[in-house]
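Here are a few friendly notes to read with the model open beside you. Take the points one at a time, and find each part in the structure as you go.

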Amino acid sequence: MLDQEHQAVLEICIMAAMADASDDERERAAVKRVADSLARESGTDLVAAYQDLLLGKRSLEDAAARIRTPEVRQLAHEMAVVVCDADGAQVPAERAFLERLRSALGLDAAVTRAFSEGAESLATAPLETTVVRPPPLPGSSDASAPPAATPPPMTSAPPTPGARYAPVDEAALDQTIERHALLAGALELLPQSMATMAIIPLQMKLVHSVGKAYGVELDQGHVKEFLATAGAGLASQYVEQFGRKLLGGLFRGAGGRVLGGLGQAATGSAITFGTTWAIGQIAKRYYAGGRRLDSASIRETFQALVAEGRALGERYVPEMQRRASGIDAARIIDMVRQV
């Protein structure tokens, strides 16, 4: 059962998901499904809360006033920042929402700014792998070597009928998908908000890698549209992930103390593994087939793959726990950029 404070945190997350006044019905429907799912798990009436929020019957200030613990107040703001940053840099309406929330929670502006800057850096991370290398030493062979030739740009145009792609190493691509899914599941096990935020950029990089393997260069807009079409909306995924962690008590407060026990952490990691694995697999089918699947087929296939991936993820829980123990929480942003 969620207590009053945690219910208020989830209400704030739902408000954050709607803060940009987006008219995307897919995202609204996804948030509604998440609220329904969390309500069943927690025994609270989040569905009614969702409807009240849509109708303007509940205010941000009312939700903030129900949170009295300093650690949970900080957590509520961090979660709202992550949800607002889900689809990239914050728009003015989201910045205004977060400032209003900060004021309602009575938080220090300097403290919240530091987290917000880190979150925005992660949300806008390039899809291409970024590996930072030290400059070559003077006189070394690297210093005098000519620059590598720039590869020809890949096309993002729709495929022509009957077009054929170069052969793809399917086994290697499946290993890439599994590696991303294992890392996402490991991040789910960490109590830091930034670890949760790193999951979706990781999934976006996976879609980009799969598309590139089939000769299609994708930008962030294409990847976000693909995920929304599949039913893996960005803001709704974060609300769901945060909800699971609140239910399981797996969050680290401002003072460094884990707020509760591990609870449903293992289940959450299997779910995140399954979702990430399914994203990779549906992207593989879509781009391998020349992007001919329609929206309904993508959604239907994706849901079947999620169920398959979650069952697979349950077998990998010990491996994800092992990987989680080796992640440096202070270097999560750098780690995701280098995947």
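1. Start with the open space. The largest pocket holds about 400 Å³ of space. Here is how that is defined: on a 1 Å grid over the protein atoms alone, a pocket is an open set of points with protein on both sides within 12 Å along at least five of seven lines, while a cavity is a set of points where a 1.4 Å probe fits but cannot get out; lining residues have an atom within 4 Å of a point. Grid points are joined across faces, edges and corners, and the volume is the space filled by probe spheres set on the points.

2. A word on the source. This is a predicted model, in which local features need pLDDT of at least 70 and side-chain atom pairs count only at pLDDT 80 or more, while totals for chains, interfaces and linings use all residues. Residues are numbered from 1 along each chain as its sequence is written, and side-chain values use heavy atoms, with hydrogens and water left out.

3. Which residues lie nearest the centre of the largest pocket? They are Arg33, Val34, Gly231, Glu240 and Arg310, out of 21 lining residues. At least two lining residues come from each of α2 (25-42), α13 (234-248), α14 (265-288) and α15 (295-315), and α2 gives the most, with 6 residues. Helices here are DSSP runs (H or I, at least four residues), numbered from the N terminus. The pocket lining has 6 nonpolar, 9 polar and 6 charged residues. In this scheme Ala, Val, Leu, Ile, Met, Phe, Trp, Tyr, Cys and Pro count as nonpolar, Asp, Glu, Lys and Arg as charged, and the others, Gly among them, as polar.

4. The structure holds 2 cavities of 30 Å³ or more, and the largest cavity has a volume of about 110 Å³. It is lined by 17 residues, with Leu122, Ala123, Ile200, Pro201 and Met204 closest to its centre. Two or more lining residues come from each of α7, α11 (199-213) and α12 (220-230); the largest share, 4 residues, belongs to α11. By class, this cavity lining has 11 nonpolar, 2 polar and 4 charged residues.

5. Next, look at α5 (residues 70-84) and α7 (residues 109-123), whose axes come within 10 Å and cross at roughly 30°. That angle makes α5 roughly parallel to α7. Axes are lines fitted to C-alpha atoms, for helices over the stretch in contact, and angles run from 0 to 180 degrees between N-to-C directions. Angles under 35 degrees count as roughly parallel, over 145 as roughly antiparallel, 65 to 115 as roughly perpendicular and the rest as oblique. Gln74, His77, Glu78, Val81 and Val82 of α5 meet Val111, Thr112, Phe115, Ser116 and Ala119 of α7, where contact means heavy atoms within 4.5 Å.

6. How do α5 and α6 (residues 92-105) run, parallel or antiparallel? Their axes come within 10 Å and cross at roughly 175°, so α5 and α6 are roughly antiparallel to each other. The residues of this contact divide into 9 nonpolar, 1 polar and 3 charged.

7. Finish with α15 and α16 (residues 317-325), whose axes come within 4 Å and cross at roughly 65°. That makes α15 roughly perpendicular to α16. Here Gly313, Glu314 and Arg315 of α15 meet Val317, Pro318 and Met320 of α16.
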